[in-house]
Amino acid sequence: VAIVGVGNCASSLIQGLEYYKEVDEKSKPVIGVMRNDFGGYLIKDIEIVAAFDVNANKVGKDISEAIFEEPNCTKIFSKVPIKGVNVRAGPLLDGIAKHMEYKFPLVKVCDDVEKILKDAKVEIIVTYLPAGSTQAIHYWAEKALEHKIAFINAIPVFVSSDKNWSQKFKDKGIPCAGDD
């Protein structure tokens, strides 16, 4: 999985993966998880292999550290060990909320997204960008299509529920879900 936007939601997901890593198909149901086994996949099968952000204070740090970098303020509920996945600089586009523009330094140059996705063998992109990041979501949806990567849109900008976008994913046989 590649995470796009290493904010509070990404922090909760990554902490949750660590917190629930021992849950398997025989475990009792746990709070916050709909199914312990999803088509044969377990929580421990989810591996974060790439991450992108525009906050210069997060870029270059291991994702286990970047998820706690300000302005993130998610409750810490799990110790996350070093993962060996450094956050890379993504394109800014419209992916920064207006009220956050001056809260942290922004990256100056985007890393080579194409190479990172390929080298990391990304199978799923999960986007956690600010609501209203239409250009940025469309950029990442295009990258998913170009590289035949499943796309999970965790913000309320329509991709999977948009006829044109959903048809593009359907035509290529690539899963697309989300829109919040």
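Reply: Let's begin with the word we need. A pocket is an open set of grid points with protein on both sides within 12 Å along at least five of seven lines, and a residue belongs to the lining if it has an atom within 4 Å of a point. Please keep in mind that this is a predicted model.

With that in hand, look at the second largest pocket, which has a volume of about 550 Å³. Its lining is made of 29 residues, and those nearest its centre are Gly7, Asp53, Tyr128, Leu129 and Pro130. Helix H1 and strand E4 (50-53) are the elements that give two or more residues to this lining. H1 gives the most, with 3 residues. Sorted by class, the lining holds 19 nonpolar, 8 polar and 2 charged residues.

Now turn to the largest pocket, where about 1100 Å³ of space lies. It is lined by 26 residues, with Leu13, Leu17, Phe38, Ile46 and Ile152 closest to the centre. Two or more lining residues come from each of helix H1 (8-19), strand E3 (41-42) and strand E6 (124-127). H1 again has the largest share, 3 residues. The classes here are 18 nonpolar, 3 polar and 5 charged.

Next come the charged pairs. Side chains of opposite charge can pair when their charged atoms come close. Across the whole structure, a search finds 8 salt bridges. One of them joins Glu18 to Lys21, with the closest N and O atoms 2.5 Å apart. Glu18 counts as buried because its relative accessibility is 11%, under the 20% cut-off. Lys21, at 36%, counts as partly exposed.

Another bridge brings together the side chains of Glu114 and Lys143, at 2.4 Å from N to O. Why does this pair tie together separate parts of the chain? Glu114 lies in helix H3 (residues 113-119) and Lys143 in helix H4 (residues 134-147), so the bridge joins parts 29 residues apart in sequence. Glu114 is partly exposed, with a relative accessible area of 31%, whereas Lys143 counts as buried at 9%.

Lys143 also has a salt bridge with Glu146, and here the closest N and O atoms are 3.3 Å apart. Glu146 and Lys143 both lie in H4, 3 residues apart, which is about one turn of the helix. Glu146, at 44% relative accessibility, is partly exposed.

Finally, follow the chain to helix H5 (residues 163-172). Asp162 caps the N-terminal end of H5, with a side-chain oxygen 3.0 Å from the backbone nitrogen of Asn164. Just after H5 comes Gly173, which takes a positive phi of about 70 degrees.

How values were computed:
Residues numbered from 1 in each chain as written. Predicted model: local features only at pLDDT ≥ 70, side-chain atom pairs only at ≥ 80, totals over all residues. Heavy atoms only, no water. 1 Å grid on protein atoms, 1.4 Å probe; cavity = no way out; pocket = protein on both sides within 12 Å on 5 of 7 lines; lining within 4 Å. Points joined across faces, edges and corners; volume = space filled by probe spheres on them. Helix = DSSP H or I, 4+ residues; strand = E, 2+ residues; numbered from the N terminus. Nonpolar A, V, L, I, M, F, W, Y, C, P; charged D, E, K, R; others polar. Salt bridge = Lys/Arg side-chain N within 4 Å of Asp/Glu carboxyl O. Buried < 20%, exposed > 50% of the residue type's maximum accessible area, 1.4 Å probe, protein only. Polar contact = N/O pair within 3.5 Å; in protein donor to acceptor, adjacent residues only side chain to side chain.
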